[in-house]
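Hi,

Here is the structure I promised to pass on. Have a look, and my notes follow below.

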Amino acid sequence: LDSESDAEVPAVPFSTLGLRYSGAIGSMPITLRGQLVNVVDHRGYWPTPSGLLVAVPARTFRLLATASF
């Protein structure tokens, strides 16, 4: 932090992998999605447009299912 309340934040490499499968259960169409966020599990902060710093989330796996009926 300097005298103007500016801070420099080091870059954090960040990558996400995802996959999607579309199919049906009977006559109901479904979509399954899997997502691995922060694949390499680097820690750090994201600067936001408002100037706040937000912590980069730890490695996370998400599984989502969508059905149309």
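**What I found**

In this predicted model, the mean positions of the 5 positive and 5 negative charges lie 28 Å apart. Lys and Arg count as positive and Asp and Glu as negative, with His and the chain ends not counted; a charge is placed at NZ of Lys, CZ of Arg, CG of Asp or CD of Glu.

On to the fold: the protein has 0 helices and 5 strands (DSSP runs, H or I of at least four residues for helices and E of at least two for strands, numbered from the N terminus). The order along the sequence is β-β-β-β-β.

The C-alpha trace spans about 65 × 25 × 10 Å along its principal axes.

Buried residues are 10% of the 69 (buried is under 20% relative accessible area, 1.4 Å probe, protein chains only). One of them is Asn38, at 0% relative accessibility. Asn38 sits in the loop between strand E2 (28–37) and strand E3 (45–47). Beyond its neighbours within four places in sequence, Asn38 contacts Phe14, Ser15, Thr16, Val56, Pro57, Ala58 and Arg59 (contact is heavy atoms within 4.5 Å).

Housekeeping: residues are numbered from 1 along each chain as its sequence is written. Local features need pLDDT of at least 70, side-chain atom pairs count only at pLDDT 80 or more, totals for chains, interfaces and linings use all residues, and side-chain values use heavy atoms, leaving out hydrogens and water.

Cheers

Conventions. Buried < 20%, exposed > 50% of the residue type's maximum accessible area, 1.4 Å probe, protein only.
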